[in-house]
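Work through the exercises below with the sequence and the 3D view open. Try each task before reading its solution.

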Amino acid sequence: MAALKYAGLEDTDSEEELPPGWEERTTKDGWVYYANHLEEKTQWEHPKSGKRKRVAGGLPYGWEQETDENGQVYFVDHINKRTTYLDPRLAFTVEDNPAKPPTRQKYDGNSTAMEILQGRDLSGKVIIITGANSGIGFETAKSFALHGAYVILACRNMSRGNDAVQRILEEWHKAKVEAMTLDLASLRSVQNFAEAFKSKNMPLHILVCNAAIFGSSWCLTEDGLESTFQVNHLGHFYLVQLLEDILRRSSPARVVVVSSESHRFTEIKDSSGKLDFSLLSPSKKEYWAMLAYNRSKLCNILFSNELNRRLSPHGVTSNSVHPGNMIYSSIHRNWWVYTLLFTLARPFTKSMFIQPSCPFRLCAHHGHRECGE
């Protein structure tokens with residue numbers, strides 16, 4: 001303890017916290033070193049833990065690395081018009097050759113899209129997201145667009161789709177986004193969308209099947225099918241079939257199907273264990289909105305699993321995801337009871353929005369990412 005006290009190390013609470021007089025810096029190639037201003041010396045090892053570190057990922061948008069006349073690396077924040085010797089990537093350091101692999105997962109239920117995409121450059125990637133004018137679809141589209149991807153918002157209502165595009169452009173005027181018409185309740189509309197996209201002669205790297213309806217009263221689509229089943233599952237099924245050739249040519253590519261944990265609370269087989277097609281598109285007499293939704297989500301998972309089995313050998317993967325329980329979005333709008341339930345659960349459930357603690361966002365004026373959103 002005497003040695004620690006002499007070195008000034010006893011004042012810190014954590015082995016990762018620097019003692020007084022020490023500063024964390026990075027070299028031009030990303031290695032972390034430590035400067036002791038009291039003794040005017042530097043070292044590679046952390047003064048308390050003895051660990052060596054390096055930064056992970058590239059600089060955030062809006063930042064640039066420069067070297068001063070003394071050969072010292074510094075960083076320019078073009079958004080806030082300031083310079084600093086503190087590398088903004090220091091929040092994302094990793095150990096150099098750790099003794100054992102980390103056991104804790106990198107992301108959890110509180111991770112935001114911007115945190116997961118931090119440091120990733122999606123320039124050149126083309127992404128289609130269905131139902132992207134609001135809710136989870138919009139947040140997903142915005143996150144991809146702010147990281148350089150070309151994002152197509154496939155929306156039933158073009159007015160709302162164009163509004164969503166404008167909201168993203170207000171965040172970053174250089175974002176590559178556009179809205180296209182897609183009504184999953186019409187197989188003709190799905191076909192028209194696919195043909196319109198193919199006419200652009202673009203690749204397709206990610207297809208996010210996100211659009212869904214929930215709690216709707218019974219009605220048939222123009223194709224004669226129950227609307228929840230067609231919008232949530234069959235429309236997406238048909239869309240993937242129409243775009244499969246482009247996905248293959250664009251490999252590595254992926255399909256993401258937004259499903260739900262509620263798929264566990266239903267069955268689509270009859271008493272003999274065979275698929276009962278009458279359960280997929282039930283008559284009005286046999287219809288219950290919640291059960292129809294659950295069945296459509298089960299179909300999503302079965303479809304995604306089989307799609308992955310068939311296409312993964314060709315460089316196209318498919319995954320189904322559960323976004324979280326009772327996330328407060330517009331999906332509950334069809335009945336006031338559901339709206340009430342979602343409102344009561346809102347304080348205890350995951351938010352779909354990019355959290356205020358997210359470290360970076362894109363500046364609409366300069367086209368760079370800035371600190372402290």
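**Exercise 1.** Which residues in the largest nonpolar core touch the most other members?

Solution. This is a predicted model: local features need pLDDT of at least 70, side-chain atom pairs count only at pLDDT 80 or more, and totals for chains, interfaces and linings use all residues. Residues are numbered from 1 along each chain as its sequence is written, and side-chain values use heavy atoms, with hydrogens and water left out.

Step 1. Apply the term: a nonpolar core is a set of buried Ala, Val, Leu, Ile, Met, Phe, Trp, Tyr and Cys residues joined through side-chain atoms within 4.5 Å. Buried means under 20% relative accessible area, exposed over 50%, partly exposed in between (1.4 Å probe, protein chains only).

Step 2. Read off the residues. The largest core has 31 residues, and those touching the most other members are Ile 128, Phe 193, Phe 197, Leu 204, Leu 207, Leu 243 and Val 255.

Step 3. Find the contributors. Elements giving two or more residues include β9 (126-130), α5 (187-198) and β13 (253-258). Helix α6 supplies the largest share, seven residues. Helices (H or I, at least four residues) and strands (E, at least two) are DSSP runs, numbered from the N terminus.

**Exercise 2.** What does Phe 197 touch, not counting residues up to four places away in sequence?

Solution. Contact means heavy atoms within 4.5 Å. Among the residues that Phe 197 touches are Val 126, Ile 152, Met 180, Pro 203 and Ile 246.

**Exercise 3.** How many aromatic pairs does the structure hold?

Solution. Step 1. Rings of Phe, Tyr and Trp (its six-membered ring) pair if their centres lie within 6.5 Å; planes under 30 degrees apart count as stacked, over 60 as edge-to-face and the rest as tilted. The structure holds three such pairs.

Step 2. Take Tyr 33 and Trp 44. Their ring centres are 6.2 Å apart and the planes stand at 75 degrees, so this pair is edge-to-face. Tyr 33 lies in strand β2, Trp 44 in the loop between β3 (41-43) and β4 (53-55). Tyr 33 is buried at 13% relative accessible area, whereas Trp 44, at 39%, is partly exposed.

Step 3. Take Phe 214 and Tyr 293. With centres 4.8 Å apart and planes at 80 degrees, this pair is edge-to-face. The partners are 79 residues apart in the chain. Phe 214 and Tyr 293 are both buried.

**Exercise 4.** In which sense do β1 and β2 (residues 32-36) pair?

Solution. Two strands pair if DSSP finds at least two bridges between them. β1 and β2 run antiparallel, with five bridges. Glu 23 stands opposite Ala 35 in β2.
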